[in-house]
Amino acid sequence: QVQLVESGGGLVQAGGSLSLSCAASGRTFSSYAMGWFRQAPGKEREFVAAISRSGGSTYYADSVKGRFTISRDNYKNTVYLQMNSLEPEDTAVYYCAAARRPEMTLNYYSDAEFDYWGQGTQVTVSS
């Protein structure tokens, strides 16, 4: 089992940047694929970005491609989400998640595939 704690959210003006971190407990962090999802008020949770266990493969939603970058440090048990050129539409609670499923069968884009979730961190982008 792994526990996840997000940090780094806040209020930023449109066009600005934020960097989110997700610290994981336990010694098996490198055995989990990791993802970031977000949920805006009145909307369903949606995929943002994901990264393979080794960090060699990354996946992005079309809405954030070219603006957001996911990365991980398996020595620090941490996954990151660097968010640039933020837009008001990016306002949401951002969650990190961990998936145990073997990567060959993992649908990175589906929140149902992820087993462990953090408590979320609020990101607000003002226009």
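**Exercise 1. Is tyrosine 80 buried, partly exposed or exposed, and at what relative accessibility?**

Solution. 
Step 1. Keep in mind that this is a predicted model.
Step 2. Locate the residue: tyrosine 80 is part of strand S8.
Step 3. Take the cut-offs: buried is under 20% relative accessible area, and exposed is over 50%.
Step 4. Read the value. Tyrosine 80 has 24% relative accessibility, so this residue counts as partly exposed.
Step 5. The C-alpha atoms of tyrosine 80 and phenylalanine 47 are 15 Å apart. Along the chain, 33 residues separate this pair.

**Exercise 2. Find what the side chain of glutamate 6 reaches, and say what is the nearest side chain of opposite charge**.

Solution. 
Step 1. Glutamate 6 sits in strand S1, residues 4-7.
Step 2. Check for charge pairing. Glutamate 6 is buried yet has no salt bridge. Arginine 45 is the nearest side chain of opposite charge, at 8.6 Å.
Step 3. Compare with the cut-off: a salt bridge needs the nitrogen and the carboxyl oxygen within 4 Å.
Step 4. Look at the backbone instead. The glutamate 6 side chain reaches the backbone nitrogen of glutamine 119 at 3.0 Å. At 2.9 Å, this glutamate 6 side chain also reaches the backbone nitrogen of glycine 120.

**Exercise 3. State how many salt bridges the model has, and describe the one between lysine 65 and aspartate 62**.

Solution. 
Step 1. Give the count, which is 8 salt bridges.
Step 2. Take the pair. Between lysine 65 and aspartate 62, the closest N and O atoms are 3.2 Å apart.

**Exercise 4. Explain why the salt bridge of aspartate 90 and arginine 67 ties together separate parts of the chain**.

Solution. 
Step 1. The two side chains meet at 2.8 Å, N to O.
Step 2. Aspartate 90 lies in the loop between strand S8 (78-83) and strand S9 (92-99). Arginine 67 lies in the loop between strand S6 (58-60) and strand S7 (68-73).
Step 3. Draw the conclusion: the partners sit in these two loops, so the pair ties together parts that are 23 residues apart in sequence.
Step 4. Check burial. Aspartate 90 and arginine 67 are both buried. For arginine 67 the relative accessible area is 11%.
Step 5. Look for a further contact of arginine 67. Its side chain reaches the backbone oxygen of serine 85 at 3.0 Å.

**Exercise 5. Work out where arginine 100 and aspartate 115 lie, and how exposed each partner is**.

Solution. 
Step 1. Arginine 100 and aspartate 115 form a salt bridge, with 3.5 Å between the closest N and O atoms.
Step 2. Both partners lie in the loop between S9 and strand S10 (116-117), so the pair ties together parts that are 15 residues apart in sequence.
Step 3. Arginine 100 is partly exposed at 48% relative accessibility. Aspartate 115 is partly exposed too, with a relative accessible area of 32%.
Step 4. Now turn to a network. Salt bridges with shared partners join Arg38, Glu46, Arg67, Glu87 and Asp90.

**Exercise 6. Give the phi values of asparagine 77 and serine 85, and say where each residue lies**.

Solution. 
Step 1. Asparagine 77 has phi near 55 degrees, a positive value in a residue other than glycine.
Step 2. Asparagine 77 is in the loop between S7 and S8, and its 16% relative accessibility makes it buried.
Step 3. Serine 85 has phi near 50 degrees, again positive in a residue other than glycine.
Step 4. Serine 85 is in the loop between S8 and S9. With 41% relative accessibility, serine 85 counts as partly exposed.

**Exercise 7. Describe the largest pocket by volume and by the class of its lining residues**.

Solution. 
Step 1. The space in the largest pocket is about 170 Å³.
Step 2. Its lining has 13 residues. Nearest the centre lie Arg38, Ala40, Lys43, Glu46 and Glu89.
Step 3. Link back to the network: Arg38 and Glu46 are among its members.

Note on methods
Residues are numbered from 1 along each chain as its sequence is written. This is a predicted model: local features need pLDDT of at least 70, side-chain atom pairs count only at pLDDT 80 or more; totals for chains, interfaces and linings use all residues. Side-chain values use heavy atoms; hydrogens and water are left out. On a 1 Å grid over the protein atoms alone, a cavity is a set of points where a 1.4 Å probe fits but cannot get out, and a pocket is an open set with protein on both sides within 12 Å along at least five of seven lines; lining residues have an atom within 4 Å of a point. Grid points are joined across faces, edges and corners, and a volume is the space filled by probe spheres set on the points. Ala, Val, Leu, Ile, Met, Phe, Trp, Tyr, Cys and Pro count as nonpolar, Asp, Glu, Lys and Arg as charged, and the others, Gly among them, as polar. Helices (H or I, at least four residues) and strands (E, at least two) are DSSP runs, numbered from the N terminus. Buried means under 20% relative accessible area, exposed over 50%, partly exposed in between (1.4 Å probe, protein chains only). Lys and Arg count as positive and Asp and Glu as negative; His and the chain ends are not counted. A polar contact is a pair of N or O atoms within 3.5 Å; within protein, one must be able to donate a hydrogen and the other to accept it, and residues adjacent in sequence count only if both atoms are side-chain atoms.
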